[in-house]
Amino acid sequence: MNQTMLNRPQAPAALAALPAITAWVEEIAELTKPDAIVWCTGTAEEREGLIQQMVDSGTLIPLDETLRPASYLARSDPSDVARVEDRTFICSLNQDDAGPTNNWRAPDDMRATLRPLFDGSMRGRTLYVVPFSMGPLGSPLSKLGVQLTDSPYVVVSMGIMTRMGSAALELFTPNTEWVPAVHSVGAPLDVGDTDVPWPCSSTKYISHFPETREIWSFGSAYGGNALLAKKAFALRIASVIARDEGWLAEHMLILKVTNPRGRVFHVVAAFPSACGKTNLAMLRPTIPGWSVETIGDDIAWLRQGFDGRLHAINPEAGFFGVAPGTSNATNATAIETLWGNTIFTNVALQNNGDVWWEGMTDTVPDHLLDWQGADWTPSSATPAAHPNSRFTVAAAQCPSIADDWDDPRGVVIDAIIFGGRRATNVPLVVEARDWEHGVYLGATISSEQTAAAEGTVGQLRRDPFAMLPFCGYNMADYWAHWLKIGQQLRATSTVPRIFQVNWFRKDENGRFLWPGFGENSRVLEWILDRVDGRAASVESPLGLVPTAGGLNIDGLDLPEGALEKLFEVNPALWLDEVDGTEAFFDTFDGRVPEGVTRQLGLLRGRLQEAAAAKAHQGAQTNE
Ligand code: GTP
Ligand code: SPV
Ligand code: MN
């Protein structure tokens with residue numbers, strides 16, 4: 001405690017009325033034993049000071065001031081490059097409340113594990129107190145939190161990703177509910193130790209205590225492991241709060257679409273990590289007359305408003321987006337957003353002091369420093385940028401940001417989209433018959449795994465509602481909660497329509513059947529024309545699909561037969577999918593809500609009928 005005492009600036013005046021926060025900071029400082037405590041205000045001077053300190057320590061490399069003003073490259077430790085799902089824990093009192101899809105530890109056991117790890121873990125470092133608001137300052141839909149961290153990189157990132165500092169702190173009252181989040185990179189410095197550019201630990205614990213609404217994260221400084229406002233608070237803890245309060249915390253982008261007749265729609269879409277949320281949120285339509293504006297690219301909080309309708313806010317204030325694959329062809333809006341004031345993590349460095357990543361330009365530079373700082377040429381065997389390299393940039397800097405993106409009332413949602421990365425089976429677009437069927441579609445998303453988390457890239461896995469790594473309670477209870485929200489909405493107003501999309505279906509040569517990106521506007525057109533009562537649909541065993549010629553492909557150069565393949569439903573393969581789903585549901589020990597199992601039965605029935613019809617047809621042709 002002695003050193004902590006030495007270097008303690010006055011806490012902000014607003015804190016006089018907030019003894020709970022000061023007491024908590026004292027308690028954590030006593031445990032972690034930092035050299036100093038800094039209460040973050042969120043000012044530009046504070047940010048510049050932290051950046052300068054990180055440039056001096058080698059954590060940040062300034063990029064060329066004319067090519068990429070006020071922008072920096074961070075190279076993480078090679079062992080700390082993505083979310084660590086097997087080190088992420090839900091510490092509910094009962095194991096059943098975490099469910100079979102989460103790693104569970106008893107809260108007391110986890111506390112007993114964490115205490116010695118955090119004991120002295122900030123020695124030689126500064127403890128930063130980071131108050132923040134998730135959602136517009138003062139919005140009734142927003143929630144407050146405080147992160148304690150010993151990482152200046154995390155402080156600066158939190159300053160981009162959230163409304164951070166004094167303005168947030170002023171909103172706390174003695175009665176405010178707030179989420180405490182403790183973070184340490186787990187690399188204490190003793191006298192004489194020299195620091196490394198990216199301190200972290202080989203021991204990692206990303207732990208959540210749903211009952212006490214606390215977060216404790218140890219050992220990593222990367223993304224969702226460390227920016228605790230994001231996945232840990234705004235999804236894992238918030239999903240629990242949302243269950244208790246009757247709203248939804250979702251892994252969803254939010255966009256605003258205006259059709260050629262001037263009608264405005266708001267849409268949310270849940271896709272698993274690195275499956276195209278940022279791309280869709282910043283989409284540039286290729287079809288005339290349509291425009292798309294951005295509201296959020298990763299997280300949506302949805303709640304029924306006084307008008308009875310479902311409203312959404314983006315709780316974040318920035319984008320932590322996947323760099324590889326981002327180009328003028330795939331996402332020109334992101335490229336424009338990244339003109340400056342951006343922190344890039346684990347991308348490559350060009351000789352001219354600008355960044356580069358796979359897919360950024362058609363021509364590959366002759367020489368680069370790769371994400372670990374080693375010489376790289378086009379003949380190198382490893383990628384120049386890490387596949388999960390990311391940019392951190394303010395949402396306000398996005399040229400397509402909607403004027404209502406930070407409306408404290410949120411925006412009214414007209415359609416909900418679920419999607420995943422599926423090379424086979426899943427059609428380009430399907431509309432759910434009703435809310436219950438839509439919940440089934442969400443519950444049965446599966447997707448090929450990406451580099452966003454440690455694991456096997458390409459492996460197909462179930463990712464219900466794109467929330468597999470982010471649901472803070474039993475996934476089956478979460479489905480029941482979704483059904484309940486549908487009932488609440490139906491009681492008083494129109495319910496958003498639910499759709500499923502898949503941009504990633506491939507032909508037998510492994511090529512994408514659908515061009516994707518800006519052309520996805522054609523699918524949005526069909527979806528929103530459905531909402532507008534203008535587009536027809538036909539039944540498929542999976543749900544409603546466009547009529548022949550119903551999807552606008554004017555001017556699109558689709559290969560012969562591609563459209564048919566994009567919508568092909570093979571009943572035999574789908575019956576296998578249904579069996580797999582049933583086995584998955586069985587892992588929930590009877591907790592899957594009736595509405596969801598009913599939908600499984602209905603789907604199986606429709607597929608059996610389709611299989612019988614197909615067999616009959618086959619028999620007739622053979623006669
Ligand atoms: P997180 O930030 O991890 O939650 O992911 P995200 O869903 O925001 O991912 P993002 O939009 O950054 O998607 C990243 C990957 O999906 C990149 O490799 C993109 O090139 C690819 N992608 C996005 N949209 C499309 C599409 O329409 N077609 C194809 N083929 N690829 C796409
Ligand atoms: C994701 O993996 O879904 C992300 C990146 O959005 S991270 O914040 O690291 O979780
Ligand atoms: Mn995400």
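A residue counts as buried when its relative accessible area is under 20%, and as exposed when that area is over 50%. In this predicted model, S273 has a relative accessible area of 13% and is therefore buried, since that value falls under the 20% cut-off. S273 sits in the loop between β14 (264–270) and α9 (277–281), and, leaving aside residues up to four places away in sequence, it touches R83, H251, T450, A452 and F470. With R83 the contact is also polar, the two side chains approaching to 3.0 Å.

S273 also belongs to the residues around ligand 2, which are R83, G223, G224, K230, K231, H251, S273, D298, F320, R390, A452 and F470.

| Residue | Distance to an oxygen atom of ligand 2 |
|---|---|
| S273 | 2.5 Å |
| K231 | 3.0 Å |
| D298 | 3.3 Å |

Ligand 2 taken alone exposes 290 Å², of which the protein buries 98%. The elements that contribute two or more residues to the shell around ligand 2 are α7 (223–226) and α8 (229–245). By residue class, this shell divides into five charged, four polar and three nonpolar residues. In terms of domains, the shell around ligand 2 takes at least three residues from domain 1 (3–59 + 82–245) and at least three from domain 2 (250–318 + 404–612).

Key. Residues numbered from 1 in each chain as written. Chains lettered and ligands numbered in written order. Predicted model: local features only at pLDDT ≥ 70, side-chain atom pairs only at ≥ 80, totals over all residues. Heavy atoms only, no water. Near = heavy atom within 4 Å. Polar contact = N/O pair within 3.5 Å; in protein donor to acceptor, adjacent residues only side chain to side chain. Areas by Shrake-Rupley, 256 points an atom, 1.4 Å probe, with all protein chains shown as cover. Helix = DSSP H or I, 4+ residues; strand = E, 2+ residues; numbered from the N terminus. Nonpolar A, V, L, I, M, F, W, Y, C, P; charged D, E, K, R; others polar. Domains from an automatic or database assignment. Buried < 20%, exposed > 50% of the residue type's maximum accessible area, 1.4 Å probe, protein only. Contact = heavy atoms within 4.5 Å.
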